[in-house]
Amino acid sequence: MQQQKNWLRYTTIAASLALGAIGWEVAGHLTSGAFWAPLSATLSSLVEAARSGVLLKQGGNSLELYLTGLLLAIAVGAPLGMLLARVAWLRVALEDYIMMLYATPMVALVPFILSMMGFGFAPKVLVVFLFAVFPVLYNTIEGARSIKPELVEVAHSFRSGEWQLWRDVMIPYTLPFMMTGIRQAIARGLVGMVVAEFFLSPSGLGQMIMMGSQNFDTAGMLSAILIIVLLGVALMDLGRYLEKRFSAWKGYNP
Amino acid sequence: MSLRAGAGNLSAAPVSPFVLKAGAGLFLLVLWEIVVRTLAPGYVARPSGIARVFFTVITDAQFLAAAWATLAAVAQGLFVSLIAGTAVGIMMGRVAVVEHGLRYYVNSLFATPMVAILPLVTLWFGYNADARLSVVVFAAFFSIAINACDGARSVPMEYLEVARSFRARPRHTLFDIIFPSSLPYLLAGIRLAAGRALVGAVVAEFFISIPGLGYYLLYNSRTFKHNEAFVAVIVLVAVGVGVEALVNWLTKRYLPWSRRD
């Protein structure tokens with residue numbers, strides 16, 4: 001019975017993927033080339049881009065931008081969040097503003113960045129950074145708010161020093177929340193990357209998409225979009241893995 | 001907002017949280033003002049400049065039309081995504097074949113930054129409001145579908161067994177059991193979707209140059225009227241925070257039984 005179910009499941013999945021591929025191919029042949037390109041054309045365009053080194057260069061550009069922005073966001077957001085976790089008055093003072101910035105569509109700031117900082121690498125990193133930093137901060141603070149005061153009191157009663165308090169209470173308690181924040185930052189940072197590549201100086205995968213659309217090279221555009229989809233899926237899986245890995249003890253309430 | 005003592009020793013704080021928050025806000029505004037006045041060129045937005053133009057902009061017919069255009073597109077797109085996303089999500093959650101058939105598509109499009117398909121969408125719809133609406137729908141649909149699916153899957157087995165024992169009709173099972181118990185997930189999905197929809201609409205306006213808050217923002221910042229442009233940011237922040245607060249309130253008020261965080 002179980003075996004039969006598994007068999008049915010894999011058949012359905014395979015059938016749906018095959019149907020999607022056929023649908024993509026057929027849609028490309030039925031419509032005008034400006035609207036949609038067949039899967040075969042998209043893949044051959046992708047192979048061509050990979051062979052000529054364009055894909056490696058543009059993809060590398062994109063990743064460089066993305067990783068710089070994301071790592072900066074984590075490097076700033078995580079320690080700041082931890083600090084706010086420990087210093088309660090500062091947290092109370094700032095948490096509403098951080099929540100506000102967390103809910104703000106950061107893309108609204110892109111025109112300001114463009115007009116003040118112009119083109120170049122730094123403004124684009126700033127965009128990715130702004131997209132990614134607030135989820136880390138916000139979630140770390142959420143974690144800090146969930147720390148039970150008794151835990152800290154017990155630690156104090158046992159004469160924990162500051163370092164021990166951090167090691168045994170603060171970090172274990174806020175880390176899972178911070179990981180949730182990092183997962184969100186991984187996803188939002190990717191949006192920031194594409195936005196920066198579209199609206200600041202064109203570069204990377206964003207530029208590939210733009211150029212494809214301007215030259216009516218739909219297959220080229222679709223191949224770049226496909227790469228971004230795959231990148232998105234891989235990054236989301238990575239984020240989920242990180243969150244799961246570090247949340248083994250989340251919600252553990254003795 | 002209730003104040004939990006948390007880790008630090010808050011009882012030692014001599015001032016009330018409200019004063020602390022207001023003081024921090026004031027401090028940040030003053031800091032912004034000073035930094036811009038001393039370091040940045042004159043056109044850069046600063047609190048005093050924004051305050052000066054705020055009422056002129058917010059009562060300006062053109063600005064109001066722009067805000068209306070954007071928010072209406074977001075609302076429409078969210079509505080479409082909500083209906084379609086809930087239907088697809090609940091089907092995926094309850095019918096294994098549908099789940100296996102759609103899972104890869106929904107998951108991977110959920111993970112895709114919808115900004116990336118903007119050029120494609122403009123090829124399909126042209127440079128007009130339809131393109132904006134479709135970007136909003138693309139941005140919002142998948143988060144709602146995924147959350148509705150999780151919600152439909154989280155229905156406690158016992159409820160369904162009881163329903164079956166009482167020979168409940170399928171539509172009763174759907175509307176009285178599956179749908180209500182998916183609601184907390186659905187609300188979480190809407191919160192996520194609203195944020196993404198707002199981003200989608202603004203980015204679409206940057207790209208397509210049709211009237212709306214995004215275009216207002218872009219146009220004014222290009223002509224170095226940063227103070228005016230910033231009013232549009234304030235409206236966007238207000239909408240973002242408003243949706244967040246509304247969903248949180250709805251969850252607390254009407255779904256207190258939900259055990260999600």
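Helices (H or I, at least four residues) and strands (E, at least two) are DSSP runs, numbered from the N terminus. In this predicted model, local features need pLDDT of at least 70, side-chain atom pairs count only at pLDDT 80 or more, and totals for chains, interfaces and linings use all residues. Residues are numbered from 1 along each chain as its sequence is written, while chains are lettered from A and ligands numbered from 1 in the order in which they are written.

**View 1. Chain A, helical pattern and extent.** Along the sequence, chain A reads α-α-α-α-α-α-α-α-α-α, that is, ten helices and zero strands. Its C-alpha atoms fill a box of roughly 75 × 65 × 30 Å along the principal axes. Of the contacts in chain A with a separation of 6 or more, 77% join residues 24 or more positions apart; two residues are in contact if their C-beta atoms, placed from the backbone, lie within 7 Å.

**View 2. The nonpolar core around Val128(A).** Val128(A) and Val195(A) have the most contacts inside the largest nonpolar core, which has 142 residues. Such a core is a set of buried Ala, Val, Leu, Ile, Met, Phe, Trp, Tyr and Cys residues joined through C-beta atoms within 7 Å. A residue is buried if 20 or more other C-beta atoms lie within 10 Å of its own, exposed if 12 or fewer, and partly exposed in between, with C-beta atoms placed from the backbone. Beyond its neighbours within four places in sequence, Val128(A) contacts Leu65(A), Tyr66(A), Gly69(A) and Leu70(A), as well as Gly189(A), Gly192(A), Met193(A) and Ala196(A). In chain A, 46% of the 254 residues count as buried.

**View 3. Phe119(A) in a loop of chain A.** Phe119(A) sits in the loop between helix H5 (110–117) and helix H6 (121–146) of chain A. Phe119(A) counts as exposed because it has 12 C-beta neighbours inside 10 Å. Leaving out residues up to four places away in sequence, Phe119(A) touches Leu200(A) and Ser201(A). Pro202(A) is 83 residues from Phe119(A) in sequence, with a C-alpha to C-alpha distance of 9.0 Å.

**View 4. The side of chain B that touches chain A.** Here 53 residues of chain B are in contact with 51 residues of chain A. On chain B, the elements giving two or more residues to this side are helix H1 (17–39), helix H4 (96–111), helix H5 (118–125), helix H8 (170–208), helix H9 (213–222) and helix H10 (226–254). The residues on this side of chain B comprise 36 nonpolar, 13 polar and four charged (Ala, Val, Leu, Ile, Met, Phe, Trp, Tyr, Cys and Pro count as nonpolar, Asp, Glu, Lys and Arg as charged, and the others, Gly among them, as polar). The model scores ipTM 0.86 and pTM 0.88.

View 5. An automatic or database domain assignment divides chain B into domain 1 (15–43) and domain 2 (49–254). The C-alpha centres of domain 1 and domain 2 of chain B are 33 Å apart. Chain B averages a pLDDT (the predictor's confidence in each residue, from 0 to 100) of 88, and 93% of the residues score at least 70. Over residues 1–11 of chain B the pLDDT is below 50, and this stretch has 26 contacts in the model beyond near neighbours in sequence. Where pLDDT is low, the predicted coordinates should not be read in detail.
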